[in-house]
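Reader: I would like to go through this structure with you. Could we start once it is on the screen?

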Amino acid sequence: MSPETVPAGIPDEAHPPVLELDAVSVTFTSGMGRKRRVMRAMNEVSLAVAAGETLGVVGESGSGKSTTGAVALGLRAPDSGVARLLGRPLNRATKKALRGSVQAVLQHPQWSLNPRRRVGESVREPLTVVGRSLSRAEQQERVAQILERVGLGADMADRFPHELSGGQRQRVSVARALITEPRFIVFDEAVSALDVSVQMQILALIRELQEQHRFGALFISHDLGAVRRVSDRIAVLFRGEIVESNTTESFFTSPQHPYSQQLLETL
Ligand code: ADP
Ligand code: MG
């Protein structure tokens, strides 16, 4: 999508959010006795992501971005507030029912790709949980299709991760996330470890796939340039609080909060 295009849509009645955080707070405690520290990683964070829309989440290291992603994925329960996925509060039962509807692409593909497993098996693996109605041959057919979709030849299926470049490995991670046809994907620093030219390719790929598949996305990154390329809207986190929520265009042309202005000055 070019920056001039109208944002894909702030959730409204016609476009119910795929993800909704309503005044979510998360605290971490560490140490014991007098050394006990309470750290508020998220403080009353509210946000929503519509189908087909990407919300960029920016902020300095330690501002609560990854914690926000973990809550959205149902990996961490809020201490207070509510996280809803496809309109349902994220609890154990919902998580099970919605398995495959949510996926994550993280910074280092080696974390999600088993080095001893062929690429095709890693991409197929989520289907062994949610695609059990498909035969093995049907699953392998889906793997070949999805590898093609992310710009990798079907012959990649037989390779091992160490036989791929960093960019190819991240394409495999994207394929693995897409194979269950998720409604919502969290990208956490997903392109931060890649060379700029490879970053551009992956960001363009994410955009293209989103137009086809209409998943909603949370694109978490400390890299404002990358966020600008994929996001419709941007939320700025500062010490666990959203200090600005804006369209991408307005954020970059007329940031409202002093902290946003400060972030942009470092660009
Ligand atoms: P970001 O992704 O923006 O760098 P995080 O969400 O990872 O920030 O962390 C937010 C704050 O919460 C940081 O101060 C971090 O140290 C703290 N934190 C994150 N995860 C944990 C944890 N598992 N235990 C204790 N503190 C944590
Ligand atoms: Mg992080």
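Reader: What should I know about the model and the numbering?

Author: This is a predicted model, in which local features need pLDDT of at least 70 and side-chain atom pairs count only at pLDDT 80 or more, while totals for chains, interfaces and linings use all residues. Residues are numbered from 1 along each chain as its sequence is written, chains are lettered from A and ligands numbered from 1 in the order in which they are written, and side-chain values use heavy atoms, with hydrogens and water left out.

Reader: Which residues are around ligand 1?

Author: Phe28, Met39, Ala41, Glu60, Ser61, Gly62, Ser63, Gly64, Lys65, Ser66 and Thr67 (a heavy atom within 4 Å). They divide into three nonpolar, six polar and two charged residues; Ala, Val, Leu, Ile, Met, Phe, Trp, Tyr, Cys and Pro count as nonpolar, Asp, Glu, Lys and Arg as charged, and the others, Gly among them, as polar.

Reader: Which backbone atoms lie by an oxygen atom of ligand 1, say at Gly62 and Ser66?

Author: At Gly62, a backbone N or O atom is 2.7 Å from a ligand 1 oxygen. For Ser66, a polar backbone atom lies 2.9 Å from an oxygen of the ligand. The protein buries 61% of the 560 Å² that ligand 1 exposes when taken alone (Shrake-Rupley method, 1.4 Å probe).

Reader: Which elements give two or more residues to that shell?

Author: Strand S2 (37–50) and helix H1 (65–72) do, and H1 provides the largest share, three residues. Helices (H or I, at least four residues) and strands (E, at least two) are DSSP runs, numbered from the N terminus.

Reader: Changing topic, how many aromatic pairs are there in the whole structure?

Author: The search finds three. Rings of Phe, Tyr and Trp (its six-membered ring) pair if their centres lie within 6.5 Å; planes under 30 degrees apart count as stacked, over 60 as edge-to-face and the rest as tilted. In one of them, Phe187 and Phe219 have ring centres 6.0 Å apart and planes at 40°, so this pair is tilted.

Reader: Where do those two sit?

Author: Phe187 belongs to strand S7 (residues 184–188) and Phe219 to strand S8 (residues 216–220), so the pair links parts 32 residues apart in sequence. Both Phe187 and Phe219 are buried (under 20% relative accessible area, 1.4 Å probe, protein chains only).

Reader: And what about Phe251 and Phe252?

Author: Phe251 and Phe252 make an edge-to-face pair, 5.0 Å centre to centre with 85° between the planes. Phe251 is buried at 0% relative accessible area, and Phe252 is buried at 12%.

Note on methods:
Buried means under 20% relative accessible area, exposed over 50%, partly exposed in between (1.4 Å probe, protein chains only). A polar contact is a pair of N or O atoms within 3.5 Å; within protein, one must be able to donate a hydrogen and the other to accept it, and residues adjacent in sequence count only if both atoms are side-chain atoms.
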